[in-house]
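Subject: Structure for your review

Dear colleague,

Please find below the structure that I am handing over to you.

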Amino acid sequence: MFRQWYAKLVRAAEMMLRDQAVAEELVQDVMLELWRRRETLDPQGSPQAYLYQAMRNRALNYLRHLQVQRRSVLRMDREEARDATAPSALVANEMAVALRNGLDALPPRCREVFELSRVRGLKYGEIAQLLGISVKTVEGQMGKALRTLREHLGPWLPPADPP
């Protein structure tokens, strides 16, 4: 099934996303998810319909994610420009860079879980259902994301209280 549909799905995804690397990664995720769900899929169903719908949904989610990211960056930039003094603007810029670096340092799935929780406000159960993973996996990914962001934002965070 992979050999039969992979190239076609990548072309369709690339037409939507205008980015071949992202299209390939997205289709690989779809194929992996198909493999994970192979036991529960209807054998009478159309694999072509399933694959194209899954690819389309992931592509649309990716595009929505990009929009949210762009709006966040624009909002942060506007707030930074609106905020006043030169020292606070420098600190805000440094924090924004550290935050962006921290988000960029996250693995893709970890970043996706973090943004679904913190940007879109989804609950862990909703994220688990949306991504087809367990709630424990969501919790683990969130813990990893928060640790990574804490490391990148360490200089701007208040010191931790001793135990």
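This is a predicted model: local features need pLDDT of at least 70, side-chain atom pairs count only at pLDDT 80 or more; totals for chains, interfaces and linings use all residues.

Residues are numbered from 1 along each chain as its sequence is written, and side-chain values use heavy atoms, with hydrogens and water left out.

**The whole protein**

The protein has 7 helices and 0 strands; helices (H or I, at least four residues) and strands (E, at least two) are DSSP runs, numbered from the N terminus. Of its 163 residues, 28% are buried, where buried means under 20% relative accessible area, exposed over 50%, and partly exposed in between (1.4 Å probe, protein chains only). The protein exposes about 11,100 Å², and carbon and sulfur atoms supply 55% of that area. Accessible areas come from the Shrake-Rupley method with a 1.4 Å probe; for residues, only the protein chains shown count as cover. Among contacts (heavy atoms within 4.5 Å) with a separation of 6 or more, 59% join residues 24 or more positions apart.

**Helix α2**

Helix α2 covers residues 20-36. Its 17 residues should span 24 Å at 1.5 Å a residue, and its end C-alpha atoms are 24 Å apart, which agrees; the expected span is 1.5 Å times one less than the number of residues. At the start of α2, a side-chain oxygen of D19 comes to within 3.1 Å of the backbone nitrogen of A21. The buried residues in α2 include V22, A23, L26, V27, V30 and L34. An α-helix has 3.6 residues a turn, so residues three or four places apart point the same way.

Which residues does Q141 touch, not counting residues up to four places away in sequence? They are R109, C110 and V113. Q141 lies in helix α7 (residues 135-153) and counts as buried because its relative accessibility is 19%.

T148 is also found in helix α7. T148 counts as buried at 17% relative accessibility, and it touches G102, A105 and L106, again leaving out residues up to four places away in sequence.

A96 belongs to helix α4 (residues 86-105) and is buried, with a relative accessible area of 5%. The C-alpha atoms of A96 and L153 are separated by 9.3 Å, although the two residues are 57 residues apart along the chain.

Yours sincerely

Conventions:
A polar contact is a pair of N or O atoms within 3.5 Å; within protein, one must be able to donate a hydrogen and the other to accept it, and residues adjacent in sequence count only if both atoms are side-chain atoms.
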